[in-house]
Amino acid sequence: MKIAVIGGDGTGPEVTVEAVKVLKAVARLEGFDCELTDYDFGGERYLRTGDILPDGAVDEMRGYDAIYLGAIGHPDVAPGILERGLLLELRFQLDQYINLRPIKLYPGVETPLAGKGPEDIDMVVVRENTEDLYAGIGGFLKKGTPDEVATQTAIYTRKGCERCIRWAFEYARKRNNPKGKRLTLVAKTNVLTCGHDLWWRTFQDVAKEYPDVEPDYNHVDACCMWMVKNPEYYDVIVTTNMFGDIITDLGAIIQGGMGVAAGGNLNPDPGGTSMFECMGGSAPKYTGKNVINPIAAISAMAMLLEQTGQEKAGQRVLSAIQVVTGTKMKSQGAGRMGYSTTEVGDLVVEAL
Ligand code: IPM
Ligand code: MN
């Protein structure tokens, strides 16, 4: 397996080291080879050289089986530059049209939801990852004057929503939830009567191909209430890019926060290159202190393995993580784990 590793900014490289440590351990146990290539993309390089992704970098990335990304975000770089120039650029250029975000409360992890445990919080959000408000279409008129007008256009295509919805149905089928397979479309059809009408009609069409999966619908605002009140209701959710961004932060906090939550940007087409990352940022204030939680980073590595043909290795890592959260760690907060970053990585290796 050939993996491009972008440690990135802040605590990104620290958590990446732990994820790679676990990868090497599981590769040894499962008997497969992995070849890692480091890239120094991120804020430091941008400040030094002025480039975010140098010429040819995106094409080079296509040659890998997967990309592993630590975190990006630098206090001296204006917001939006690295996000658009690196993260969104790779998502779009590599056509990673699925953003996969499991929301699973691991044993021993505290959730802010009263009375809910690991059996209640176990759902997966499938977020469309290439369209919507993220397309970057918009402009200004009379900028800087009292009459200023700004537009930001959400675009939705039949192809874009259909491939995402179909992948989500397939995923729900494969996940085979013993409580019943259900796919909930989360949108806002009562207000976004054009774009989300397209999503709604496409969902109805594709649902016919999956009679074993219950098709379901929630408005996004109601979904935010139900995720808090009745998280056990959800199995798989499929949603648009912008709503998916928002509800997966809600999801992240109910699964124990940014120290735990991971995501995958998938191009599931033959020959496609996917990218795996923690949901949290670069946490500059914790950089170099060996206190940041690497569980999200290790979970992202588990997802990388699962999605690139090493399902058993991915499952083994996920189980090992749950042993560590369930029997060792005091908390998932930075500096409060009862262990350092490197020790948590070692514990996962030991559990493996
Ligand atoms: C995420 C992040 C990104 C997004 C930002 C950093 C551009 O919030 O992966 O959820 O909005 O998609
Ligand atoms: Mn987000």
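For a chain of 352 residues, a compact globule would have a radius of gyration near 20 Å, and this chain has 20 Å, so the two agree. That radius is taken over C-alpha atoms, and the globule rule is 2.2 Å times the number of residues to the power 0.38. The model you are looking at is predicted, so local features need pLDDT of at least 70 and side-chain atom pairs count only at pLDDT 80 or more, while totals for chains use all residues. Residues are numbered from 1 along each chain as its sequence is written, and side-chain values use heavy atoms, without hydrogens and water.

Let us walk through the chain. Its secondary structure comes to 11 helices and 12 strands, which are DSSP runs (H or I, at least four residues, for helices; E, at least two, for strands) numbered from the N terminus. Buried residues make up 51% of the 352 residues; buried means under 20% relative accessible area, exposed over 50%, and partly exposed in between, with a 1.4 Å probe and protein chains only.

Now for the aromatic rings. A search of the whole structure finds 7 aromatic pairs; rings of Phe, Tyr and Trp (its six-membered ring) pair if their centres lie within 6.5 Å, with planes under 30 degrees apart counted as stacked, over 60 as edge-to-face and the rest as tilted. In F169 and Y210 the ring centres are 5.1 Å apart and the planes at 10°, so this pair is stacked. Because F169 sits in helix α5 and Y210 in the loop between α6 and β9, the pair ties together parts 41 residues apart in sequence. Both F169 and Y210 are buried.

Terms used
Chains are lettered from A and ligands numbered from 1 in the order in which they are written.
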